[in-house]
Each structure stands twice: as structure tokens, then as C-alpha cells.
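Subject: Salt bridges in the structure

Hi,

Here is the structure I promised to pass on. Have a look at it first, then read my notes below.

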Amino acid sequence: MEDRLFGLDVQLLFDAFVLFVVIMIMYAIMSRLFFAPVRAFLEQRKQAVAADRDEAQKLQEAASVSKAAYEEKLKAVHKEAEEILSASRKAAMKQQGAIIDQAKSEASAIMEQADREAISEKQRIKADVKKEMCDLALVLTAQFTDRANPQRSEVLLEESLKEMGGDTWLN
């Protein structure tokens, strides 16, 4: 048996068996002493990661709900802003209309006042012209009467006044 490289004898088999049993015993002891806490640590770590993942998912869902609520509120605010702007535009248009109506009424009042003043001025001018015509008629009559007889001048004056007193004075 010495010519073999690897000799299987009883001592080798017994040593191999004892070594196997010792390794198994050490494995059992090690697994109880070291592997169990490591497994427990790994299990805790696995649960912590799962809890973190669940919490992150819940937070993400809450964030998406918050985002949706925010977007709804933002839309409501934009809509409210549009309504406020629309109401202010309508109010501005009403105020503009009121201002325009007031300006038109003031312009109308000014025009009426100007018309009254023009009529008054026209009547005053007519009265002044009539007075000047009377004065001119008197002056002409006086000049004419100086050349002619005095009784004739009175008759001409009376006729002139009658003519001017009629339709001439009214126009």
C-alpha cells in the first residue's frame, strides 16, 4: 500500500470521520452562537428596510394626494382670481359708462347754458340794434326837421316809430 499516493486506511477514515463530526459540531455551535444573531440582525435589517420602503411609499402617496389637493386649490385660486378680475372689469365698465353718461349730461347742460346765453346775447344785441336804430332815426329825423318845418318832423318821427314799432321791432 505504500505505492499508492493516497492510501485509504482505517486511521485516515477514522480521522476523516472525526474531523467531519467535529466540523459539524462546530457548525452547530457556531450557528447557534453566531449565525442566529447574524440571522436575527439580517431579519431586523430586512424588516427595517421593508418598513422604510412602506413608509416611503406612504409618504409618496401622501405627497401625491397633497400635490393633487394643491393643484386643485391652485385651480380654485386661479378661477377665483379670474372671477375677481371679471367682476372688476364689469365694475370698471359700469363706472366708465356712468362717467361717460355724467360727462354727456354735463356737456348737454353746458350746451344748453351756451344756447341760453347765445339767445340772451342775441336778444340783447337785437335790443341794442333797435335802440341804435331809434337813435339813428331820431338823429336823421332831427337833421331832416332842421331843414324842413318842425311839424313835418314830428309827423315823420311818428311814422318812423310806428313802422319800427310794428314787425320791424319784432324781427
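Where do Arg124 and Glu121 both lie, and how many residues apart are they? Both are in helix 1 (residues 10-147), three residues apart, which is about one turn of the helix. Helices here are DSSP runs (H or I, at least four residues), numbered from the N terminus.

A quick word on the source: this is a predicted model, where local features need pLDDT of at least 70 and side-chain atom pairs count only at pLDDT 80 or more, while totals for chains, interfaces and linings use all residues. Residues are numbered from 1 along each chain as its sequence is written, and side-chain values use heavy atoms, with hydrogens and water left out.

Now the charged pairs. Side chains of opposite charge can pair when their charged atoms come close. With a salt bridge taken as a side-chain nitrogen of Lys or Arg within 4 Å of a carboxyl oxygen of Asp or Glu, the count is two. In one, Arg124 pairs with Glu121, with the closest N and O atoms 2.1 Å apart. In the other, Arg124 meets Asp128 at 2.9 Å, N to O; these two also sit in helix 1, four residues apart, again about one turn. That links Glu121, Arg124 and Asp128 in a network of salt bridges.

And are they buried or exposed? Arg124 is partly exposed because its relative accessibility is 43%, between the cut-offs for buried (under 20% relative accessible area) and exposed (over 50%), using a 1.4 Å probe and protein chains only. Glu121, at 34%, is partly exposed, and Asp128, at 35%, is too.

Cheers
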